Structure formats: C-alpha cells, structure tokens
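Thanks for passing this one along. Here are my notes, to be read with the model open beside them.

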Amino acid sequence: MKSLLSNDYLVLLTRIFVGLMFVVVSIEKIVEPAAFAQSIANYNIFSFPVSLVLATIVPWLELVCGLCILFGLFLRGSSLLLSGMVAVFTIAVLSALARGLDITCGCFTQDPTVGKIGGARVIQNLSLLALSLYLYFSTSDRFSVDGHLRAKALQR
Amino acid sequence: MLLAATALGFVYSAALQKGVFGPSLSPPKARSASSPLAPVMIPLDTARAYFSAGDAFFIDTRHEFEYRLGHIRGAINIPLTEYGAKKDILDTFPKDKLIVVYCDGTECNSSIEFSAKLSADGFTNVRIFFGGWREWEVAHLPTEGSGR
C-alpha cells in the first residue's frame, strides 16, 4: 500500500486522468450555468435560485481544482475539495434514486437525454472518489509544482 | 481555492450576464408601463381557457424524455438548453402569437428563463403557466404521451 501511495508514475497518471477529467467536464457547466442549475434543481434538494448560485461556483471550483491536480499544485487541498464535492454529489444521486426521481445526472454533460442517474452513476462517482482520495493520501510529489517548489526551498 | 473559484464564477457570470446575473432570477414582471410586453404568469384556469379556445401555442420546456412520457395535448417540446438549436421552429411563429410556456411545475424555472428569451427575441404575447405539467395533470386536463 505504501509503495502504491509513493509510486511517482501512478500518482502522475492519476493526476492527469482526474485533473483532465474535471477540467473538461467543468467547461460546459461554465458556458451554460443555467442548464447546470436546472440539473441541480431537478434533484429537488435546492430551490432554483440556490441551484443557480451553486451552478455559478461549483464548475469554477472543478476547473481550479482540476488544474491544480493536473499540475500538482496544492495537491492535497485540491484533491480533498474534489473528494468532498464528489461525495456530496454521490449522496445527492443516491437520495434522488431513493425518491424515485427520473432525472439526468448533470455530471459530465448538460444534454438532458444523456446520463440518467442509476447504479452505474453511483459506481462511477465512487471510483472517482477513490481516485481523489488516493491523490490526497499519496506521498509522491515528483513531476509536480509542489515538488518543484519544495526542492527549490530546500536548495536555499 | 474556494474563494478563487467563487470570485471567478461571480465575475464571469456578471461579465456575461449568465447564471445568477442572468434573466432567470428576475421574477417575471406583471405588465406595466415600463415593460408592457414582459411575460406574465397565468393560473391554471387561464391556461385551460387558452387551450380550449385553441388560439395559443403551448411550449413544453422540460427534458425530452419527460415530454415523451406526457405533456399538454398539442404542446411542442423545446427544452431550455435547446432554445438556440430549435430557434428555427420559433421563427415560424408570428411575433404577436399567444405563446404559453410551461415546465414541470413551481419547482422548475426553465419556463421563466425560456419566456425571458422569447421576449428578448421580440415575442410580444408570452405567458408563463407556472403551475406547469403537474398542475395540468392533477386537474385531468387533456394530455398525450406514452405514460409512465
């Protein structure tokens, strides 16, 4: 387990995968905040105005955290934030499933015909949560801005 | 990071008049001297009267799969997210045609945002049936669709 957490290449690959994915999925939400707000409101947890505020902030948080993870900057903080978001979203999906809501996820695309919630979506989210937590607990900072800054600080 | 994302989100939305700064948070205004052509909300009875008279287009702004399950009889489906893509359909309507827009019910706001877009595009006779599909269905008014 310890070797997995300190494996430079595995951490780098995971960073690239998770970081790129969050950067890509954030773009459509940023471009269409109203559509994303509608997706959030469809969960019947928040009112539309609250969903709209969330739709204004969350995609940018995904973008910032995604970029940080990709470049290895504030890796622990950004992976913890993303883990929190994915966990909350997974709970929202489970809650919607329990209430029998027939809605789309709004996770990867705002196309209302794609990505209905279901067991597969929960498994997908849990996998993403595991990867984010893996990055949080990883000990490798090679190939990262964090590592570069730390090396520079030690040289002084 | 959280602060940076919040700041970026609000600055971007304010600059492009989207999200919280878009039209959807502004409640539809009643007709007034300052905005005589703004969309107005109508209750179920008025929506039913328009339907019975047959002189209004009903637009369902919900997702396509919800529309397929059931909708107000004769309504056409243009989800909010497809407003731009299906604008050619709207362009066939006379600008002064009576248009009734609805979505799921009071918990959805896409009808409000959709009607704001219609008004911005020059449609002068837009109504929002805010009770939407749920109210219509509960009242057992004419519907069509594949059912659940």
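Predicted model: local features only at pLDDT ≥ 70, side-chain atom pairs only at ≥ 80, totals over all residues.

1. Residues are numbered from 1 along each chain as its sequence is written, with chains lettered from A and ligands numbered from 1 in the order in which they are written.

2. Chain B holds an open, parallel sheet of five strands, ordered S1-S6-S5-S2-S4. Strands here are DSSP E runs of at least two residues, and helices are H or I runs of at least four, numbered from the N terminus; two strands pair if DSSP finds at least two bridges between them. S1 (40-42) and S4 (76-77) of chain B are the edge strands, each with a single partner, so one side of each has no neighbour in the sheet.

3. Within that sheet, S2 (residues 57-60) and S5 (residues 99-102) of chain B pair in the parallel sense over four bridges. B:Ile59 is the residue opposite B:Val101 in S5(B).

4. Now to the chain contact: 28 residues of chain A touch 27 of chain B, contact meaning C-beta atoms, placed from the backbone, within 7 Å. H4(A) gives the most to chain A's side, twelve residues.

5. In H4(A), 20 of the 24 residues are buried, that is, with 20 or more other C-beta atoms within 10 Å of their own, C-beta atoms being placed from the backbone. A:Gly72 follows H4(A), with a positive phi near 70 degrees.

Note on methods: Contact = placed C-beta atoms within 7 Å. Buried ≥ 20, exposed ≤ 12 C-beta atoms within 10 Å, placed from the backbone.
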